[in-house]
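Hi everyone, thanks for coming. Let me put a structure up on the screen, and then I'll walk you through a few bits of it.

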Amino acid sequence: MDEKETLLSNRKLAGHLTFPLLAAGFLSSFGSSMLYGYNLAVVNSPAEHIKAFYNATWFYRYGQPLTLSPLILIYSLTVSIFACGGLLGSLIVGKLVSGYGRKGTIVRSAPLVFIAGGIMGLSRVLQSPEMVVIGRLISGLHSGISLSAVPMFLGEIAPKNLRGFLGLMPSIFICLGVFAAQILGLPELLGKDEYWPLFLSLIVVPTFLQFLLLPWFPESPRYLLIEKDNPHASIHALKSYHGDCDVHDLIQEMKDEKNSLSSVEMCSVQELLSDHSLRWQVITIVVINIGMQMSGIDAIWFYTNAIFANAGVSPSQIPYTTVGTGAIEIIAGLLGCFTIEKLGRRPLLISGFVIMGICCAGITVALELQERVRWMNYVTVACVIGIIAGFCIGPAGVPFILTAELFKQSHRPAAYILGGAFNWICNFIVGLIFPFFQISAGAFAYLVFCVICLLVAGYVFLIVPETKNKTFLEISLMFASRKPHVRFSSADGMKMGRFSEYGTLESN
């Protein structure tokens, strides 16, 4: 195929943003991804009220209050148990999306939210701290499923020129969920002691809307054709999402991908790891998912109020400062969403991790100098805002887009299982140990996050090619044909190369 034919084919495969595409992206993200962000931040503002509830219940049961270390441990478990549920959800999502479809999995997981919300809402009435922990575990299970299923669904219903835009919609709603938790957690709203059970259980509201409306939308066309071998349903789904247009080229592209598969059976994680032709894709998914959670963002979201308190911010001003960070998150997320199709995936990832790394180093310096230099408190707040903004620009959503783009249909569920497992394990580690790590290491705790961010940015710069405006098959062939960014020549020794915009390797 010559260059003119390739450009013509690319135009035919491109599409425009239709109302069904936008509505499907909104509903799937509003009732799932938004809850992930909400659950990350919801335990921040009522932390002291929940600890007081734990202490009072312990005293009622055993006649003595909890000492400081056990109380911190129990509360850290409450925070981090969310990630344990997420890990479990990420491990079973492959079976679910293969059996029920992408949209079907999102809809069928919704009742978990109703159960979790009900349990946490009744925890205070029944004097049961265990119900808070169990509710967090179940809500984490739902997030573990949806955090993989939603990007997979949106990546498969979107035309290739809109995959980045739709793929970042979940990250926008994650930021909105965090912001909603910060707003509702203000003392004037639900930030009072008597309202924290209601605050935790409000997760049922967006999921209820999703549960009512999302079933009316078609399943993923790629799932219907490649996995279910139902071309008629696939054509109907394509026309529903892409409008009344000729879908022949899109169907042919999916058939080409299906024909390129040795089997339409979904591969397991073990088979994915043992496939040497996918080595760089697998390493990339592992690295960026570890980097996403070990960048320090979870420590910021889980313990924002405590970080600002250590920075010397007035207690009366902390809730409003936290809300300000939430507004920055949304602005940064929208910036990434509307620039990803122009700039590409790599620039957003690299710039996001570099900004986060610099700001983590800045927090360390500011906290060390704050007793001698009064205005260093403002530097700490600015660095926290910078970490959040850097994360929302790229690292919040691009890893999920890349997981969909770097693998063909048969390998995609296993790739989401693998990436999700590392994502949630790191989330759990940070949520559990950060309070103790901060006590022992002080300001230098953030240097660990700084090093991780810069290492991940370097990996993306050297290894990961640009996947913008490429079909899934083109991306797969691009990785299979060569080692990304590094090649060896017997005559010239090792040469570093870089992928051009069209996936060809250029020598320096």
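I'll start with the overall picture and then move on to salt bridges.

A quick word on the ground rules: this is a predicted model, where local features need pLDDT of at least 70, side-chain atom pairs count only at pLDDT 80 or more, and totals for chains, interfaces and linings use all residues. Residues are numbered from 1 along each chain as its sequence is written, and side-chain values use heavy atoms, with hydrogens and water left out.

So, the chain has 25 helices and three strands; those are DSSP runs numbered from the N terminus, helices being H or I with at least four residues and strands E with at least two. Of its 508 residues, 58% are buried, and buried means under 20% relative accessible area, exposed over 50%, partly exposed in between, with a 1.4 Å probe and protein chains only.

Now, salt bridges: a side-chain nitrogen of Lys or Arg within 4 Å of a carboxyl oxygen of Asp or Glu. The count is seven.

Take Arg61 and Glu130, with closest N and O atoms 2.7 Å apart. Arg61 sits in helix H3 and Glu130 in helix H7, so this pair ties together parts 69 residues apart in sequence. Arg61 is partly exposed, at 38% relative accessibility.

Next up, Arg102 pairs with Glu227 at 3.0 Å. That links helix H5 to helix H12, so the parts tied together are 125 residues apart in sequence. Are these two buried or exposed? Both Arg102 and Glu227 are buried.
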